[in-house]
Every structure is written in structure tokens, then in C-alpha cells.
Amino acid sequence: MTKKTVSAASLAAQAMGWIDPVTRAVVPPIHMASTYLRDEDNGYSSGRIYARADNPTFDQAEATLTALEGGAKSLIFSSGMSAATACFLALAPGDHVVVPKVMYWSLRNWLATFATSWGLKVEFVDADRTDAIAAAVKKGVTKLVWLETPANPTWALSDIAAAAEIAHKAGALLGVDSTVATPVLTRPIEHGADIVMHSATKYLNGHSDIIAGALVGARDDDHWMKLRAIRAQLGTILGQTEAWLLMRGMRTLYPRVAWACRSAQSLAEKFAAHPMIEEVLYPGLPSFAGHAVARKQMTNGFGGMLSVRIKGGERAAVATAARVELWKRATSLGGVESLIEHRASIEGPGTPCPPDLLRLSVGVEESADLFEDLDQALKRAHNA
Ligand SMILES: *Cc1c(COP(=O)(O)O)cnc(C)c1O
């Protein structure tokens, strides 16, 4: 079997097939060392100096993610936020960036506050409209276009290939937060992205037990060296044990995501016909605004995330979330346990999220159980 014939799912399952050369262990050790021995000639022939720059426990997770995304290099970070903000900190004050109006709420806040006061010119656009991106990008001035697709919590789609063309013509880079799509469903570099970002806290790890982030670069160039330097200088590295847990979680990425997609598609279709639900937001529904773009750049399914807008507004939405038993009321997404969340109340004033919206992260429980639980909660909330 030549390497070319091995699918990404198989590479992930075996963490690239790595075997410890000394012990023949099929699972790697956790390297705890913070520092490495210098050679007698004062050099570092191991390539390792100090563990704020990197750690051997990162290698397997980074190499695997690079292969899954079809990139040149990866870096794992202490959180999704530290991975995302590194992309903006690699720019200079005065640089112009184009970012989505609907995106992960904490990153949006950071861009509107810290990044702006640090000197970046941040322009928020309707990133589900290619013409809005084109109108905002300025040749020679815009340095980074940022997308999140599907975007939290409306799951609006952005056309990666179209945005890449606009960004590159203007001399800007394209970064894509692909946390929700995962490399199972979308490989942004194939569509022209320069940087792919993940909150590895979510699907890549998949078990709601670490906070982690990752960047994948399309090229190992000067810009990539800058991102690597930012991680080493700020020390936004992942702990060794967390890096090990991330690799352990990534081994089951493909079956977990495939299961969640099937389940989410079935739930979306059933809830779309539910008398107490106003609207279902899910890229896999033909009636969804972003469905055509989703079909173009998503394969293997449309993701494990959907939102439902509850008839009766905010009160009915909160009352429904209060009455679920199997779904867990908690923030975050992409874990094996299904989560439900009233997003508007966590995002606070200024949120573009509708008040009647409940965000659903579909895990790997039986889909029929998840339907029945939310159905009984909707009925009990309605009759309360
Ligand atoms: C969770 C999340 C982030 C932030 O990641 P953390 O690991 O929580 O820092 C960024 N983008 C998206 C889409 C997310 O869901």
C-alpha cells in the first residue's frame, strides 16, 4: 500500500502510523522536559533548546493536522483564542483587516477592543456576501481577510475560494476559522486559504477536557516563522499532557464528525417540521441561504452544529433549554456529549444573535434520543 492511497481518516486513526523507535509503543510518551542538553561544541544538534518554543509531544498532533488539512506546517496553541489572535498580532499597527460581523463572539470582542486600540483598522462585513468582502478589501492596504465558515451561531457560509481570490488580488492573506467544519468537511487550503485556524478545544479534541488551538499554514515561509515566533515569545503553547490528549482525541475525529453530521441532518429535518419551531438554521437544509456554498466547499456532511428559533421568542427558548434532560445546558461545542445553549444571553448586548435562538451541538448519542428529549422540552415549555 503506497502512502498516496491512505485516506485522511486512516492517517488520523493511526496518528500517522507512528511507532516509538525505542520501545515499539503504538502510543507516544509525554515529554515533560522544559530544557534540552547542549552539545559539547555548544550547539543544539537535537534542534531542541527550551520548551517554550516547542515540545516533542506537539510533533505528532501538528504533523497529523498538517496532513489532514493538506498544509505545509501546523502549530498548536494554548487555546483557539491564542491561535486566532496570533494571526492579527503578526500584522502591524495601521494595517487594515476585513473580518465577519457574525463570528465567534470572544474573537469579535477582542478585534473590536484590543486589536483596534493596538492600531489595527478592523472592518466588520457580512462575510456571507462575496460582494461585501470585495467592497471592503483595499488593494495594498488590507493585509488579512478573516472568515469563519460555517459561522457561529447562524451557520452562515462564506465562499472561501471567492474570498481567497479577492484577498490575493489585493495582496492580502486569507485566514479561515474552520473550527466548525473540521478537515473532515472542508479543507480551506484547497480552496485558496493561507492560514487555517481551529479551536482544538472543540471537534479536534472532541471530549470537552482540554482548551487548545491550532494554526495550519499553506506555506512554510517568513509569515509562518512570524507566527511561530509569536507563540514562542508569548509562551502561548499547549501543556504537554493537553497536547497528548489532543492527539488522542484526533484519532477518532472522522467517525465522531461523520456520526454528528448524520445525526444533525436528521434532527434538522425533523425540527424543520416541528410545530413549536419557527426556523432551523443548518447548512444541510436545501432551504438554508448558504446551502449552495455549503455544497460547493463541504464534503461528507454539513456539520454537527445547528440552531433552532423557538416560537414564542426568548422566554420560550429559555424555558425549553431549562427542560431538557439528555442535552446538557452548557457553552462550547464539538464534544461527544450534546450541548444546548441560549446564545443571546451569553453574548450580551450588541449581539447579532436572535433572542429566540437555541444553539445545538450534536454529539454522538443516538439521534432519536436527542429528538425525543428536545421534543418533550418544547412541549412542556409550551404548556407551562
Ligand atoms: C471556541 C471557539 C473559538 C475559541 O477557541 P478557545 O479554544 O475557546 O479559545 C474560536 N472560534 C470558534 C468558531 C470557536 O467555536
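These legends go with a set of close-up views of one predicted model. Residues are numbered from 1 along each chain as its sequence is written, and side-chain values use heavy atoms, with hydrogens and water left out. As the model is predicted, local features need pLDDT of at least 70 and side-chain atom pairs count only at pLDDT 80 or more, while totals for chains, interfaces and linings use all residues.

**View 1**
Helix α2 covers residues 56-69; helices here are DSSP runs of H or I with at least four residues, strands are runs of E with at least two, and both are numbered from the N terminus. The 14 residues of α2 should span 20 Å at 1.5 Å a residue, and the end C-alpha atoms, 21 Å apart, agree with that; the expected span is 1.5 Å times one less than the number of residues. Most of α2 is covered, with 11 of its 14 residues buried, where buried means under 20% relative accessible area, exposed means over 50% and partly exposed lies in between (1.4 Å probe, protein chains only). Among the buried ones are Phe58, Leu65 and Leu68, but also Gln60, Glu62 and Glu69. At the start of the helix, a side-chain oxygen of asparagine 55 comes within 2.7 Å of the backbone nitrogen of threonine 57. Just past the other end, glycine 70 has a positive phi of about 65°.

The whole structure holds four aromatic pairs, meaning rings of Phe, Tyr or Trp (its six-membered ring) with centres within 6.5 Å; planes under 30 degrees apart are called stacked, over 60 edge-to-face, and the rest tilted. Tryptophan 110 and phenylalanine 114 make a stacked pair, 5.3 Å centre to centre with 20° between the planes. Both belong to helix α4 (residues 105-118), and because they are four residues apart, about one helical turn separates them. Tryptophan 110 counts as buried at 15% relative accessibility, whereas phenylalanine 114 is partly exposed at 40%. Ring pairs tie these two together with Phe88 and Trp146 in a cluster.

**View 1. Two charges over rings.**
Lysine 270 puts its charged end over the ring of phenylalanine 371, 5.0 Å from the centre. Arginine 231 lies over the face of phenylalanine 77, at 6.0 Å from the ring centre. To count, NZ of Lys or CZ of Arg must be within 6 Å of the ring centre and within 35 degrees of the ring normal.

The largest pocket has a volume of about 390 Å³. It has 26 lining residues, and the closest to its centre are Tyr104, Ser106, Ser199, Lys202 and Ser332. At least two lining residues come from each of α3 (80-89), α4, β6 (195-199) and α13 (343-347). On a 1 Å grid over the protein atoms alone, a cavity is a set of points where a 1.4 Å probe fits but cannot get out; a pocket is an open set with protein on both sides within 12 Å along at least five of seven lines, and lining residues have an atom within 4 Å of a point. Grid points are joined across faces, edges and corners, and the volume is the space filled by probe spheres set on them.

**View 2. Glutamine 265 in helix α10.**
Glutamine 265 sits in α10 (residues 253-272) and counts as buried, at 18% relative accessibility. Its side chain makes a 2.8 Å polar contact with the side chain of glutamate 269. A polar contact is a pair of N or O atoms within 3.5 Å; within protein, one must be able to donate a hydrogen and the other to accept it, and residues adjacent in sequence count only if both atoms are side-chain atoms.

Most residues other than glycine have a negative phi, and most peptide bonds are trans. A cis bond joins threonine 149 and proline 150, with omega about -10°, and another cis bond joins asparagine 152 and proline 153, with omega about -10°. Proline 150 is in the loop between β4 (142-148) and α6 (160-169), and proline 153 is in the loop between β4 and α6. Arginine 24 has a positive phi near 65°; it is in the loop between α1 (8-13) and α2 and is exposed at 58% relative accessibility. Serine 208 has a positive phi near 50°, sits in the loop between β6 and β7 (213-217) and is partly exposed at 45%.
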